[in-house]
Amino acid sequence: MNLAGAAAQFTELMLALLLAPLLTGWVNQCRAWLQNRSAPGLLQPYRVLAKLFDKEVVLAHNASPLFRTAPYLIFGCLALAAAIVPTLATGLPLNAAADAIALVGLLALARFFIALAGMDVGTAFGTLGARREMMVGFLAEPALLMVLFTASLISQSSSLSTIVDALGHREFAIYPSMAFAGVAFTMVSLAENARIPVDNPATHLELTMIHEAMVLEYSGRHLAMIEWAASLKLFVYSCIGLALFFPFGIAQGGDWLGIVLALPGLLVKLALGGAALALIEMMSAKMRIFRAPEFLGTAFLLAVLAMLVHVLLEG
Amino acid sequence: MLQHYGPQLINLLAAVLLLLAFAMLSQRRILSLINLFAAQGLVLFLATALVAALTGQSHLYWSAGLTLALKVMLLPWILHRLIRRLNVKWDVETLLNIPTTMLAGIVLVILAFNLAAPISQLAGTVTRSTLGIAMASVLLSFLMMITRSKAVPQVVGFLAMENGLFFAATAAVYGMPMVVELGVALDVLVASLILGVFLFQIRERFDSVDTRHLEKLKEH
């Protein structure tokens with residue numbers, strides 16, 4: 001591992017940590033505009049984080065050590081995931097730490113801890129949210145894996161960095177299978193990030209909530225870590241999507257000029273992606289929780305179809 | 001430019017055709033089903049026109065024009081009028097378990113791909129790899145006709161099956177002879193008109209267009 005590579009890796013990680021709340025703020029702002037409300041400021045998520053870090057932590061009497069450590073574990077998992085996904089450059093030191101399958105495992109580990117923490121205090125809401133989260137997770141994970149396998153079949157590698165290199169730096173070609181995979185990935189990321197057809201991120205007290213139900217017991221800096229981790233998750237999923245479907249303009253290796261040039265591209269792509277996410281959320285209605293298996297089953301089937309179409313048309 | 005990206009674009013359109021076939025399989029609302037059918041016709045028109053432009057087969061332009069006139073405009077219009085007059089425009093059908101149907105669809109797609117693989121190796125056309133998709137969309141429309149109980153979706157399934165057959169002909173041998181094509185187009189048109197009359201008869205007899213009533217032999 002050389003020094004330049006490590007420095008580039010550090011830049012990428014810091015950028016992910018700093019940009020993630022901004023992306024959440026941007027999506028919220030777009031949503032507010034589309035709903036004809038006056039939007040909260042773009043920096044609102046940072047203010048919320050600062051406020052939460054400032055407040056004291058209130059713990060339930062029967063909270064175990066797991067409840068106190070879980071926010072840091074979740075945040076750590078997602079920060080590592082953000083470092084592994086190539087956002088600005090490929091071939092960085094941590095890119096080799098995990099391939100696409102291990103990345104899905106890392107995201108699953110974060111989900112495991114948040115579900116455990118939700119059940120830890122023993123409130124009804126927490127258990128309910130944890131169960132729903134696990135249900136959504138076990139349906140969404142295979143679909144996500146299938147999407148990643150399709151990209152791996154095209155580029156002959158399961159490492160995200162190599163996939164980006166293969167897809168982004170070759171002659172332009174139309175891949176019908178990636179169209180299917182793109183639709184499937186959009187559906188999975190909506191479900192995984194607690195977005196509207198599956199869960200509503202804007203509610204705090206509703207019987208249908210999933211993510212918010214699990215974190216009801218958290219307060220102070222713990223809640224700040226969890227909120228930041230949720231923003232990071234949205235950022236990581238957006239970057240996986242960009243890496244798979246729009247891998248243009250990502251620099252190779254520790255090429256500093258390339259990294260500087262890749263930054264505006266990334267910002268534009270994220271802004272467009274966030275606006276598209278807000279638009280999807282605006283146009284769809286929240287479904288009943290029992291419709292979620294149907295929604296995610298469709299995503300899985302689309303991802304399988306993507307693989308089949310790849311074998312038939314592009315093999 | 002066209003020679004290079006043309007086959008890839010045809011593959012993309014074929015994939016969209018398959019996607020639309022799956023969307024129709026899982027669509028509950030009759031109105032959206034007809035819109036999906038029109039969209040499928042549009043994709044078919046684009047694919048046929050593209051094959052015509054790539055291969056220089058001028059009769060394919062005629063069949064592309066026929067597709068546009070008949071399947072994108074006339075038939076959806078007839079169907080829209082039909083559901084308006086039958087008063088089933090906002091009908092929602094309770095399907096049995098969509099994931100199971102979709103799984104059956106996937107099995108059919110694998111079957112069709114396997115069946116088509118040896119045939120497409122023999123064919124020498126630019127579109128040979130899409131034959132599997134064409135067969136899959138025929139089978140999926142067939143599955144849709146089987147799983148639906150209301151009459152209008154069954155009619156749409158029948159018409160979608162013809163779409164698949166048409167695409168198969170284009171993919172395998174650059175379209176059928178003009179006489180056959182005109183004959184089939186006319187057949188479909190007449191069939192949809194007759195089915196329309198038939199639907200009115202069913203409704204008059206049973207007060208609904210649910211074909212399950214037809215399975216009973218006796219009146220209770």
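# A walk through packed helices

Let us start with two helices of chain A: α7 (residues 176–192) and α11 (residues 292–314) pack at an angle of about 160°, with their axes 8 Å apart. This is a predicted model, in which local features need pLDDT of at least 70 and side-chain atom pairs count only at pLDDT 80 or more, while totals for chains, interfaces and linings use all residues. Residues are numbered from 1 along each chain as its sequence is written, chains are lettered from A, and ligands are numbered from 1 in the order in which they are written.

Helices here (H or I, at least four residues) are DSSP runs numbered from the N terminus. Axes are lines fitted to C-alpha atoms, for helices over the stretch in contact, and angles run from 0 to 180 degrees between N-to-C directions. α7(A) and α11(A) are therefore roughly antiparallel to each other, a term for angles over 145 degrees. α7(A) passes α11(A) in a left-handed crossing, where the near helix is turned anticlockwise from the far one by less than a right angle (clockwise would be right-handed). Their contact divides into 18 nonpolar, three polar and one charged residues. Ala, Val, Leu, Ile, Met, Phe, Trp, Tyr, Cys and Pro count as nonpolar, Asp, Glu, Lys and Arg as charged, and the others, Gly among them, as polar.

Now turn to chain B. α4(B) and helix α5 (residues 131–147) of chain B pack at an angle of about 145°, with their axes 8 Å apart. α4(B) passes α5(B) in a right-handed crossing. The residues of this contact divide into 15 nonpolar, five polar and no charged.

How many residues does each chain bring to the contact between the chains? Chain B brings 18 residues and chain A brings 16; residues are in contact if their C-beta atoms, placed from the backbone, lie within 7 Å. On the side of chain B, the elements giving two or more residues are α1 (2–25) and α4 (98–122). α1(B) gives the most, with eight residues. By class, this side has 13 nonpolar, five polar and no charged residues.

L18(B) lies in helix α1 of chain B. L18(B) is buried, with 28 other C-beta atoms within 10 Å; buried calls for 20 or more such atoms, exposed for 12 or fewer, and partly exposed is in between. Leaving aside neighbours within four places in sequence, L18(B) is in contact with L305(A), I133(B), A136(B) and S137(B).

Next comes the largest nonpolar core, with 172 residues, of which A143(A), V147(A), A184(A), A303(A) and L17(B) touch the most other members. Such a core is a set of buried Ala, Val, Leu, Ile, Met, Phe, Trp, Tyr and Cys residues joined through C-beta atoms within 7 Å. Helix α9 (residues 220–245) of chain A gives the most to this core, with 17 residues. Beyond neighbours within four places in sequence, V147(A) is in contact with A181(A), A184(A), F185(A), V188(A) and A303(A).

Back in helix α1 (residues 3–34) of chain A you will find L23(A), buried with 23 other C-beta atoms within 10 Å. L23(A) and S231(A) are 208 residues apart in sequence, and their C-alpha atoms are 7.5 Å apart in space.

Finally, look at two loops. N36(A), in the loop between α1 and α2 (44–54) of chain A, has a positive phi of about 65° although it is not a glycine. Is N36(A) buried or exposed? N36(A) is exposed, with 6 other C-beta atoms within 10 Å.

How values were computed
Angles under 35 degrees count as roughly parallel, over 145 as roughly antiparallel, 65 to 115 as roughly perpendicular and the rest as oblique. Two residues are in contact if their C-beta atoms, placed from the backbone, lie within 7 Å.
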